[in-house]
Amino acid sequence: MFAELKTLLVQNLKLDERMVMPESLLEDAGIDSLALVELGLLVEQHLGITFTEEELVRTASLTVGQFSDLLAARRQKLQEVTP
Amino acid sequence: MSRSRAAITGVGLLTPAGIGTKASWETVRNGTKTMAAVDPSLWQIPAALSCRVPGFDGEAFLDPVLARRTDRFTQFALVAAREAVADAGLDPADWDGARVGVVLGNTAGGMETVEEQCSILEKEGARYVSPLLLPKMLPNMVAGQLSTLLGATGPGMVVATACSSGTTAIGVARDLLAADRYDIVLTGATEALVTPAIIAGFARLGALSHRDHDPAGSSRPFDRGRDGFVCAEGAGVLVLEREADARARGVTPHAFVTGFGASSDAHHVTRPHPDGQGTQAAINAALRDADAIPEDIGYVNAHGTSTPVNDRLEAALLAKNLPHGPPISSTKGVTGHLLGAAGAIEAAFTALALREQVVPPNVNLTDPEPADLKLPTFPERHSFDLALSLSAAFGGQNAVLAIARH
(Lines give C-alpha, C1' and ligand atoms only; values in the text may rest on other atoms or scores of the structure.)
Protein backbone atom coordinates (compact mmCIF):
# COMPACT_ATOMS: atom_id res chain seq x y z
CA MET A 1 0.00 0.00 0.00
CA PHE A 2 2.86 2.37 0.79
CA ALA A 3 4.12 2.09 -2.79
CA GLU A 4 0.67 2.90 -4.20
CA LEU A 5 0.30 5.87 -1.87
CA LYS A 6 3.77 7.10 -2.75
CA THR A 7 2.90 6.97 -6.44
CA LEU A 8 -0.12 9.20 -5.85
CA LEU A 9 1.91 11.64 -3.77
CA VAL A 10 4.84 11.86 -6.14
CA GLN A 11 3.27 11.44 -9.56
CA ASN A 12 -0.11 13.09 -9.06
CA LEU A 13 0.65 15.70 -6.40
CA LYS A 14 4.26 16.24 -7.55
CA LEU A 15 5.68 16.02 -4.03
CA ASP A 16 9.41 15.64 -3.58
CA GLU A 17 10.09 11.89 -3.46
CA ARG A 18 12.78 12.36 -0.84
CA MET A 19 10.23 13.81 1.57
CA VAL A 20 7.78 10.94 1.15
CA MET A 21 9.10 8.57 3.81
CA PRO A 22 7.03 6.34 6.14
CA GLU A 23 8.06 8.38 9.15
CA SER A 24 7.42 11.80 7.52
CA LEU A 25 4.40 13.69 8.76
CA LEU A 26 1.95 14.20 5.87
CA GLU A 27 2.34 17.93 6.40
CA ASP A 28 6.14 17.75 6.18
CA ALA A 29 5.82 15.71 2.98
CA GLY A 30 3.84 18.64 1.50
CA ILE A 31 0.24 17.70 2.31
CA ASP A 32 -1.42 20.91 3.48
CA SER A 33 -5.18 21.29 3.93
CA LEU A 34 -5.77 21.74 0.18
CA ALA A 35 -3.59 18.81 -0.81
CA LEU A 36 -5.34 16.64 1.78
CA VAL A 37 -8.67 17.21 0.01
CA GLU A 38 -7.01 16.35 -3.30
CA LEU A 39 -5.44 13.27 -1.76
CA GLY A 40 -8.87 12.15 -0.52
CA LEU A 41 -10.19 12.27 -4.08
CA LEU A 42 -7.14 10.52 -5.52
CA VAL A 43 -7.46 7.70 -3.00
CA GLU A 44 -11.13 7.35 -3.93
CA GLN A 45 -10.50 7.39 -7.67
CA HIS A 46 -7.36 5.21 -7.75
CA LEU A 47 -7.80 2.89 -4.76
CA GLY A 48 -11.57 2.86 -4.32
CA ILE A 49 -11.32 3.95 -0.68
CA THR A 50 -13.65 6.71 0.46
CA PHE A 51 -13.23 9.04 3.42
CA THR A 52 -15.81 11.45 4.78
CA GLU A 53 -14.62 15.02 5.19
CA GLU A 54 -14.45 14.55 8.97
CA GLU A 55 -12.36 11.39 8.64
CA LEU A 56 -10.05 13.10 6.22
CA VAL A 57 -9.47 16.06 8.54
CA ARG A 58 -8.49 13.61 11.31
CA THR A 59 -5.76 12.12 9.10
CA ALA A 60 -3.97 15.47 8.81
CA SER A 61 -1.73 14.76 11.79
CA LEU A 62 -0.66 11.29 10.61
CA THR A 63 2.64 10.23 9.14
CA VAL A 64 2.77 8.90 5.60
CA GLY A 65 3.27 5.40 7.03
CA GLN A 66 0.28 5.70 9.38
CA PHE A 67 -1.89 6.96 6.50
CA SER A 68 -0.71 4.03 4.41
CA ASP A 69 -1.63 1.63 7.24
CA LEU A 70 -5.06 3.24 7.46
CA LEU A 71 -5.58 2.73 3.73
CA ALA A 72 -4.50 -0.91 4.04
CA ALA A 73 -6.97 -1.45 6.89
CA ARG A 74 -9.76 0.18 4.88
CA ARG A 75 -9.00 -1.96 1.88
CA GLN A 76 -8.97 -5.09 4.06
CA LYS A 77 -12.37 -4.12 5.44
CA LEU A 78 -13.71 -3.51 1.94
CA GLN A 79 -12.52 -6.94 0.82
CA GLU A 80 -14.19 -8.57 3.83
CA VAL A 81 -17.58 -7.09 3.03
CA THR A 82 -17.27 -7.49 -0.75
CA PRO A 83 -16.73 -11.20 -1.46
CA MET B 1 10.94 67.51 -15.46
CA SER B 2 8.09 65.20 -14.59
CA ARG B 3 6.83 65.35 -11.03
CA SER B 4 7.26 61.67 -10.43
CA ARG B 5 9.58 59.62 -12.59
CA ALA B 6 10.03 55.92 -12.01
CA ALA B 7 13.13 54.15 -13.24
CA ILE B 8 12.56 50.89 -15.12
CA THR B 9 15.46 48.85 -13.82
CA GLY B 10 14.33 45.35 -14.76
CA VAL B 11 12.32 43.74 -17.53
CA GLY B 12 10.97 40.19 -17.75
CA LEU B 13 9.00 38.96 -20.75
CA LEU B 14 7.28 35.74 -21.64
CA THR B 15 5.43 36.30 -24.91
CA PRO B 16 4.50 34.56 -28.13
CA ALA B 17 7.59 36.26 -29.55
CA GLY B 18 9.81 34.30 -27.19
CA ILE B 19 10.61 33.12 -23.70
CA GLY B 20 12.69 35.79 -22.05
CA THR B 21 13.21 39.46 -22.77
CA LYS B 22 16.01 38.98 -25.27
CA ALA B 23 14.11 36.50 -27.44
CA SER B 24 10.84 38.45 -27.24
CA TRP B 25 12.41 41.80 -28.00
CA GLU B 26 14.58 40.59 -30.85
CA THR B 27 11.62 38.98 -32.60
CA VAL B 28 9.50 42.10 -32.17
CA ARG B 29 12.28 44.54 -33.02
CA ASN B 30 13.27 42.69 -36.16
CA GLY B 31 9.67 42.04 -37.14
CA THR B 32 10.79 38.97 -38.96
CA LYS B 33 7.79 36.81 -38.22
CA THR B 34 4.35 36.71 -36.82
CA MET B 35 3.39 34.15 -34.23
CA ALA B 36 -0.23 33.32 -35.02
CA ALA B 37 -1.22 29.72 -35.74
CA VAL B 38 -4.35 27.61 -35.93
CA ASP B 39 -4.90 26.37 -32.37
CA PRO B 40 -6.00 22.71 -32.07
CA SER B 41 -7.16 23.26 -28.46
CA LEU B 42 -9.90 25.54 -29.84
CA TRP B 43 -11.38 22.93 -32.16
CA GLN B 44 -14.98 23.86 -31.27
CA ILE B 45 -14.56 27.33 -32.73
CA PRO B 46 -14.39 27.91 -36.49
CA ALA B 47 -11.18 29.55 -37.73
CA ALA B 48 -9.71 29.78 -34.24
CA LEU B 49 -6.20 31.22 -34.23
CA SER B 50 -3.96 32.04 -31.30
CA CYS B 51 -0.50 33.26 -30.42
CA ARG B 52 0.89 30.95 -27.74
CA VAL B 53 4.06 31.31 -25.70
CA PRO B 54 6.20 28.84 -27.64
CA GLY B 55 6.90 25.60 -25.80
CA PHE B 56 5.88 26.87 -22.38
CA ASP B 57 5.47 24.24 -19.67
CA GLY B 58 5.03 25.57 -16.13
CA GLU B 59 6.70 22.54 -14.59
CA ALA B 60 9.85 23.16 -16.60
CA PHE B 61 10.18 26.67 -15.17
CA LEU B 62 8.78 26.40 -11.66
CA ASP B 63 8.81 24.06 -8.70
CA PRO B 64 6.47 21.20 -9.76
CA VAL B 65 4.17 21.64 -6.73
CA LEU B 66 3.90 25.37 -7.36
CA ALA B 67 3.27 24.74 -11.04
CA ARG B 68 0.41 22.31 -10.46
CA ARG B 69 -1.17 24.63 -7.91
CA THR B 70 -1.14 27.70 -10.17
CA ASP B 71 -3.06 28.55 -13.31
CA ARG B 72 -1.16 29.36 -16.47
CA PHE B 73 -1.70 33.12 -16.02
CA THR B 74 0.10 33.00 -12.68
CA GLN B 75 2.88 30.79 -14.01
CA PHE B 76 3.63 33.31 -16.75
CA ALA B 77 3.91 36.16 -14.26
CA LEU B 78 6.13 34.23 -11.84
CA VAL B 79 8.59 33.35 -14.58
CA ALA B 80 8.61 36.88 -16.02
CA ALA B 81 8.98 38.45 -12.57
CA ARG B 82 11.95 36.28 -11.71
CA GLU B 83 13.65 37.43 -14.90
CA ALA B 84 12.80 41.08 -14.21
CA VAL B 85 14.21 40.96 -10.68
CA ALA B 86 17.43 39.34 -11.88
CA ASP B 87 17.68 41.88 -14.71
CA ALA B 88 17.40 44.68 -12.15
CA GLY B 89 20.34 43.19 -10.26
CA LEU B 90 18.18 42.64 -7.19
CA ASP B 91 18.31 39.69 -4.84
CA PRO B 92 15.12 39.05 -2.84
CA ALA B 93 17.29 37.60 -0.08
CA ASP B 94 18.71 41.08 0.49
CA TRP B 95 15.73 43.38 0.15
CA ASP B 96 13.44 44.81 2.83
CA GLY B 97 10.33 42.90 1.75
CA ALA B 98 7.97 45.32 3.48
CA ARG B 99 9.10 48.01 1.03
CA VAL B 100 8.58 45.79 -2.02
CA GLY B 101 5.14 45.49 -3.59
CA VAL B 102 3.31 43.90 -6.48
CA VAL B 103 0.87 45.73 -8.78
CA LEU B 104 -0.11 43.52 -11.69
CA GLY B 105 -2.80 43.76 -14.34
CA ASN B 106 -5.03 40.90 -15.44
CA THR B 107 -8.40 40.55 -17.07
CA ALA B 108 -10.23 37.51 -15.76
CA GLY B 109 -7.93 35.26 -13.72
CA GLY B 110 -7.48 31.57 -14.39
CA MET B 111 -10.16 30.81 -16.94
CA GLU B 112 -8.41 27.64 -18.09
CA THR B 113 -8.94 26.29 -14.56
CA VAL B 114 -12.52 27.58 -14.42
CA GLU B 115 -13.49 25.96 -17.71
CA GLU B 116 -11.83 22.67 -16.77
CA GLN B 117 -13.60 22.56 -13.39
CA CYS B 118 -16.97 23.57 -14.90
CA SER B 119 -16.65 20.55 -17.14
CA ILE B 120 -15.90 18.30 -14.14
CA LEU B 121 -18.86 19.77 -12.24
CA GLU B 122 -21.17 19.00 -15.13
CA LYS B 123 -19.85 15.53 -15.93
CA GLU B 124 -18.85 14.17 -12.52
CA GLY B 125 -20.52 16.32 -9.86
CA ALA B 126 -19.63 18.88 -7.20
CA ARG B 127 -17.67 16.41 -5.09
CA TYR B 128 -15.06 16.14 -7.83
CA VAL B 129 -14.43 19.87 -8.24
CA SER B 130 -10.84 20.59 -7.23
CA PRO B 131 -10.12 22.40 -3.96
CA LEU B 132 -7.55 24.29 -6.01
CA LEU B 133 -10.25 25.93 -8.15
CA LEU B 134 -10.27 29.20 -6.22
CA PRO B 135 -6.56 29.32 -5.33
CA LYS B 136 -5.81 28.88 -9.03
CA MET B 137 -8.42 31.09 -10.67
CA LEU B 138 -8.72 34.18 -8.47
CA PRO B 139 -7.21 37.12 -10.38
CA ASN B 140 -5.44 38.50 -7.30
CA MET B 141 -3.74 35.15 -6.67
CA VAL B 142 -0.97 36.06 -9.08
CA ALA B 143 0.05 38.92 -6.78
CA GLY B 144 -0.25 36.61 -3.78
CA GLN B 145 1.90 33.91 -5.32
CA LEU B 146 4.48 36.41 -6.52
CA SER B 147 4.75 38.05 -3.11
CA THR B 148 5.25 34.59 -1.58
CA LEU B 149 7.83 33.51 -4.14
CA LEU B 150 9.91 36.67 -3.77
CA GLY B 151 9.20 37.72 -0.19
CA ALA B 152 7.53 40.96 -1.24
CA THR B 153 5.33 41.83 1.73
CA GLY B 154 4.38 45.39 0.81
CA PRO B 155 0.91 46.13 -0.59
CA GLY B 156 -0.02 43.69 -3.36
CA MET B 157 -2.88 43.99 -5.80
CA VAL B 158 -4.25 43.17 -9.21
CA VAL B 159 -5.97 45.82 -11.29
CA ALA B 160 -8.46 44.87 -13.96
CA THR B 161 -9.28 47.21 -16.82
CA ALA B 162 -9.55 44.51 -19.50
CA CYS B 163 -7.19 45.20 -22.40
CA SER B 164 -5.64 48.24 -20.75
CA SER B 165 -4.90 46.38 -17.49
CA GLY B 166 -1.13 46.26 -18.01
CA THR B 167 -0.87 49.95 -18.79
CA THR B 168 -3.12 50.83 -15.86
CA ALA B 169 -1.11 48.62 -13.50
CA ILE B 170 2.17 50.28 -14.45
CA GLY B 171 0.58 53.71 -13.99
CA VAL B 172 -0.83 52.79 -10.60
CA ALA B 173 2.51 51.28 -9.57
CA ARG B 174 4.29 54.46 -10.62
CA ASP B 175 1.83 56.54 -8.59
CA LEU B 176 2.23 54.37 -5.48
CA LEU B 177 6.02 54.50 -5.79
CA ALA B 178 5.80 58.28 -6.05
CA ALA B 179 3.59 58.29 -2.94
CA ASP B 180 6.37 56.43 -1.08
CA ARG B 181 4.32 53.28 -0.54
CA TYR B 182 7.21 51.23 -1.88
CA ASP B 183 10.91 51.39 -2.65
CA ILE B 184 10.62 48.67 -5.28
CA VAL B 185 7.51 47.67 -7.17
CA LEU B 186 7.04 44.70 -9.48
CA THR B 187 4.46 45.68 -12.03
CA GLY B 188 3.13 44.72 -15.42
CA ALA B 189 0.50 42.17 -16.34
CA THR B 190 -0.23 38.61 -17.28
CA GLU B 191 -2.88 36.85 -19.33
CA ALA B 192 -3.83 33.29 -20.27
CA LEU B 193 -7.26 33.54 -21.86
CA VAL B 194 -6.75 31.35 -24.90
CA THR B 195 -9.51 29.04 -23.69
CA PRO B 196 -12.49 27.70 -25.63
CA ALA B 197 -15.25 29.68 -23.86
CA ILE B 198 -13.33 32.97 -23.93
CA ILE B 199 -12.38 32.60 -27.58
CA ALA B 200 -15.96 31.64 -28.43
CA GLY B 201 -17.08 34.80 -26.62
CA PHE B 202 -14.70 36.98 -28.62
CA ALA B 203 -15.78 35.21 -31.80
CA ARG B 204 -19.44 35.98 -31.02
CA LEU B 205 -18.49 39.64 -30.65
CA GLY B 206 -16.98 39.54 -34.13
CA ALA B 207 -13.62 40.64 -32.73
CA LEU B 208 -11.36 37.90 -34.10
CA SER B 209 -9.53 37.44 -37.36
CA HIS B 210 -10.82 34.66 -39.61
CA ARG B 211 -7.67 34.29 -41.69
CA ASP B 212 -7.07 30.64 -40.82
CA HIS B 213 -6.01 30.13 -44.44
CA ASP B 214 -3.16 32.59 -43.74
CA PRO B 215 -2.31 32.49 -40.01
CA ALA B 216 0.96 34.37 -40.48
CA GLY B 217 -0.95 37.24 -42.05
CA SER B 218 -3.86 37.27 -39.61
CA SER B 219 -2.69 39.98 -37.20
CA ARG B 220 -2.17 43.03 -39.45
CA PRO B 221 -2.66 46.30 -37.56
CA PHE B 222 -3.48 49.34 -39.68
CA ASP B 223 -3.62 47.26 -42.87
CA ARG B 224 -6.68 47.66 -45.06
CA GLY B 225 -7.08 43.87 -45.13
CA ARG B 226 -7.31 43.46 -41.34
CA ASP B 227 -10.34 41.60 -40.06
CA GLY B 228 -9.89 41.24 -36.31
CA PHE B 229 -7.35 40.41 -33.63
CA VAL B 230 -5.59 37.17 -32.74
CA CYS B 231 -5.84 36.26 -29.07
CA ALA B 232 -2.46 35.81 -27.40
CA GLU B 233 -1.04 34.90 -24.01
CA GLY B 234 1.97 35.82 -21.88
CA ALA B 235 3.28 38.23 -19.31
CA GLY B 236 5.47 41.27 -18.96
CA VAL B 237 6.91 42.40 -15.64
CA LEU B 238 8.85 45.59 -14.95
CA VAL B 239 10.81 46.53 -11.85
CA LEU B 240 10.24 50.17 -10.95
CA GLU B 241 12.36 52.11 -8.48
CA ARG B 242 13.14 55.71 -7.73
CA GLU B 243 15.92 56.93 -9.95
CA ALA B 244 18.14 57.86 -6.99
CA ASP B 245 17.82 54.37 -5.52
CA ALA B 246 18.73 52.77 -8.82
CA ARG B 247 21.75 55.05 -9.27
CA ALA B 248 22.86 54.37 -5.69
CA ARG B 249 22.93 50.66 -6.55
CA GLY B 250 25.03 51.45 -9.61
CA VAL B 251 22.25 50.41 -11.98
CA THR B 252 21.54 52.18 -15.26
CA PRO B 253 17.78 52.13 -15.87
CA HIS B 254 16.48 50.92 -19.22
CA ALA B 255 14.15 53.95 -19.36
CA PHE B 256 11.75 55.93 -17.18
CA VAL B 257 8.00 56.03 -16.73
CA THR B 258 7.40 59.77 -16.70
CA GLY B 259 3.68 60.08 -17.36
CA PHE B 260 0.43 58.20 -16.90
CA GLY B 261 -3.00 59.18 -18.12
CA ALA B 262 -6.27 57.30 -17.87
CA SER B 263 -9.87 57.98 -18.77
CA SER B 264 -13.25 56.35 -19.28
CA ASP B 265 -15.24 56.61 -22.49
CA ALA B 266 -18.60 56.28 -20.67
CA HIS B 267 -20.02 55.28 -24.01
CA HIS B 268 -20.45 51.56 -24.76
CA VAL B 269 -19.37 48.19 -23.34
CA THR B 270 -17.27 47.16 -26.32
CA ARG B 271 -17.14 49.97 -28.89
CA PRO B 272 -14.73 52.86 -28.45
CA HIS B 273 -16.18 56.36 -28.51
CA PRO B 274 -16.43 57.33 -32.20
CA ASP B 275 -14.61 60.64 -31.79
CA GLY B 276 -11.88 59.11 -29.61
CA GLN B 277 -12.49 61.56 -26.79
CA GLY B 278 -11.55 59.05 -24.09
CA THR B 279 -8.20 58.14 -25.62
CA GLN B 280 -7.65 61.84 -26.29
CA ALA B 281 -8.17 62.63 -22.61
CA ALA B 282 -5.76 59.86 -21.58
CA ILE B 283 -3.08 61.11 -23.99
CA ASN B 284 -3.53 64.67 -22.73
CA ALA B 285 -3.26 63.52 -19.12
CA ALA B 286 -0.12 61.45 -19.78
CA LEU B 287 1.56 64.37 -21.55
CA ARG B 288 0.63 66.78 -18.75
CA ASP B 289 1.94 64.30 -16.18
CA ALA B 290 5.20 64.03 -18.11
CA ASP B 291 5.44 67.82 -18.53
CA ALA B 292 5.63 67.20 -22.26
CA ILE B 293 3.98 68.54 -25.41
CA PRO B 294 2.89 66.47 -28.43
CA GLU B 295 5.95 67.56 -30.42
CA ASP B 296 8.18 65.86 -27.82
CA ILE B 297 6.79 62.46 -28.79
CA GLY B 298 9.30 60.56 -30.91
CA TYR B 299 7.49 57.21 -31.15
CA VAL B 300 4.11 55.72 -30.37
CA ASN B 301 3.50 52.06 -29.57
CA ALA B 302 -0.13 52.02 -30.62
CA HIS B 303 -2.91 49.85 -29.25
CA GLY B 304 -3.37 48.73 -32.91
CA THR B 305 -5.36 45.56 -32.36
CA SER B 306 -5.94 44.75 -36.05
CA THR B 307 -9.70 45.22 -35.65
CA PRO B 308 -11.33 47.43 -38.29
CA VAL B 309 -12.86 49.86 -35.78
CA ASN B 310 -9.99 50.32 -33.32
CA ASP B 311 -7.27 50.91 -35.86
CA ARG B 312 -9.32 53.40 -37.88
CA LEU B 313 -10.25 55.49 -34.84
CA GLU B 314 -6.79 55.29 -33.30
CA ALA B 315 -5.08 56.26 -36.55
CA ALA B 316 -7.32 59.30 -36.93
CA LEU B 317 -6.66 60.36 -33.36
CA LEU B 318 -2.89 59.97 -33.68
CA ALA B 319 -2.84 61.90 -36.97
CA LYS B 320 -4.73 64.75 -35.31
CA ASN B 321 -2.58 64.81 -32.18
CA LEU B 322 0.85 64.29 -33.68
CA PRO B 323 1.05 66.36 -36.88
CA HIS B 324 4.86 66.31 -36.66
CA GLY B 325 4.61 62.65 -37.74
CA PRO B 326 6.62 60.46 -35.35
CA PRO B 327 6.90 56.78 -36.27
CA ILE B 328 4.04 54.65 -34.98
CA SER B 329 3.87 50.88 -34.73
CA SER B 330 1.69 48.20 -33.26
CA THR B 331 3.77 45.26 -32.10
CA LYS B 332 0.61 43.14 -32.09
CA GLY B 333 1.43 42.23 -35.68
CA VAL B 334 4.10 39.97 -34.20
CA THR B 335 2.66 39.02 -30.82
CA GLY B 336 -1.09 39.05 -31.38
CA HIS B 337 -3.25 40.69 -28.73
CA LEU B 338 -2.29 39.73 -25.17
CA LEU B 339 -5.47 41.40 -23.85
CA GLY B 340 -4.75 42.54 -20.28
CA ALA B 341 -1.03 41.85 -20.65
CA ALA B 342 -0.71 43.76 -23.92
CA GLY B 343 0.03 47.12 -22.29
CA ALA B 344 2.70 45.59 -20.07
CA ILE B 345 4.70 43.92 -22.82
CA GLU B 346 4.25 46.97 -25.03
CA ALA B 347 5.56 49.30 -22.30
CA ALA B 348 8.57 46.99 -22.08
CA PHE B 349 9.06 47.06 -25.87
CA THR B 350 8.76 50.85 -25.78
CA ALA B 351 11.43 51.09 -23.07
CA LEU B 352 13.75 48.79 -25.01
CA ALA B 353 13.12 50.77 -28.21
CA LEU B 354 14.16 53.95 -26.40
CA ARG B 355 17.25 52.30 -24.98
CA GLU B 356 18.35 50.96 -28.36
CA GLN B 357 17.05 53.96 -30.34
CA VAL B 358 15.24 51.75 -32.77
CA VAL B 359 11.57 51.59 -33.71
CA PRO B 360 10.02 48.12 -34.08
CA PRO B 361 8.13 47.68 -37.34
CA ASN B 362 4.51 47.05 -38.26
CA VAL B 363 4.42 43.55 -39.73
CA ASN B 364 1.88 42.40 -42.31
CA LEU B 365 1.33 46.03 -43.26
CA THR B 366 1.18 45.87 -47.05
CA ASP B 367 -1.71 48.26 -47.71
CA PRO B 368 -1.85 50.92 -44.99
CA GLU B 369 -5.30 52.34 -44.49
CA PRO B 370 -4.22 55.55 -42.77
CA ALA B 371 -2.31 57.54 -45.38
CA ASP B 372 -1.25 60.28 -43.01
CA LEU B 373 0.75 58.27 -40.47
CA LYS B 374 4.36 57.20 -40.49
CA LEU B 375 4.07 53.44 -40.07
CA PRO B 376 7.48 51.83 -40.55
CA THR B 377 7.52 48.29 -41.92
CA PHE B 378 11.18 47.64 -41.17
CA PRO B 379 13.09 48.24 -37.92
CA GLU B 380 14.15 51.85 -38.07
CA ARG B 381 17.08 53.59 -36.38
CA HIS B 382 15.61 56.66 -34.82
CA SER B 383 16.77 59.36 -32.41
CA PHE B 384 14.06 59.95 -29.83
CA ASP B 385 13.72 60.71 -26.12
CA LEU B 386 10.04 60.28 -25.34
CA ALA B 387 7.44 57.74 -26.44
CA LEU B 388 3.82 56.88 -25.72
CA SER B 389 2.34 53.43 -25.20
CA LEU B 390 -1.43 53.39 -25.75
CA SER B 391 -4.08 50.95 -24.54
CA ALA B 392 -7.86 50.85 -24.76
CA ALA B 393 -10.34 48.36 -23.38
CA PHE B 394 -13.81 46.88 -23.34
CA GLY B 395 -15.56 48.95 -20.72
CA GLY B 396 -14.09 52.09 -22.22
CA GLN B 397 -11.08 52.32 -19.92
CA ASN B 398 -8.22 54.00 -21.77
CA ALA B 399 -4.69 54.22 -20.43
CA VAL B 400 -1.52 55.84 -21.75
CA LEU B 401 2.05 55.77 -20.49
CA ALA B 402 4.75 58.28 -21.35
CA ILE B 403 8.14 56.61 -21.29
CA ALA B 404 11.38 58.57 -21.51
CA ARG B 405 14.91 57.67 -22.46
CA HIS B 406 16.53 59.81 -19.73
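Into which domains is chain B divided?

## Domains and basis of the model

Chain B is divided into domain 1 (6-248) and domain 2 (255-404), with bounds that come from an automatic or database domain assignment. The C-alpha centres of domain 1 of chain B and domain 2 of chain B lie 20 Å apart.

The model is predicted, and local features need pLDDT of at least 70, side-chain atom pairs count only at pLDDT 80 or more, and totals for chains, interfaces and linings use all residues. Residues are numbered from 1 along each chain as its sequence is written, chains are lettered from A in the order in which they are written, and side-chain values use heavy atoms, with hydrogens and water left out.

## Contact and buried area

Domain 1 of chain B and domain 2 of chain B bury about 5,000 Å² between them, 66% of it on carbon and sulfur atoms; buried area is the accessible area (1.4 Å probe) that two parts lose on being put together, summed over both. Of the area that domain 1 of chain B buries against domain 2 of chain B, B:Trp25, B:Phe222 and B:Arg226 supply 18%, more than any other three residues.

## Salt bridges across the interface

Five salt bridges are found across the interface of domain 1 of chain B and domain 2 of chain B, a salt bridge being a side-chain nitrogen of Lys or Arg within 4 Å of a carboxyl oxygen of Asp or Glu. The side chains of B:Arg224 and B:Asp367 also meet in a salt bridge, at 3.4 Å from N to O.
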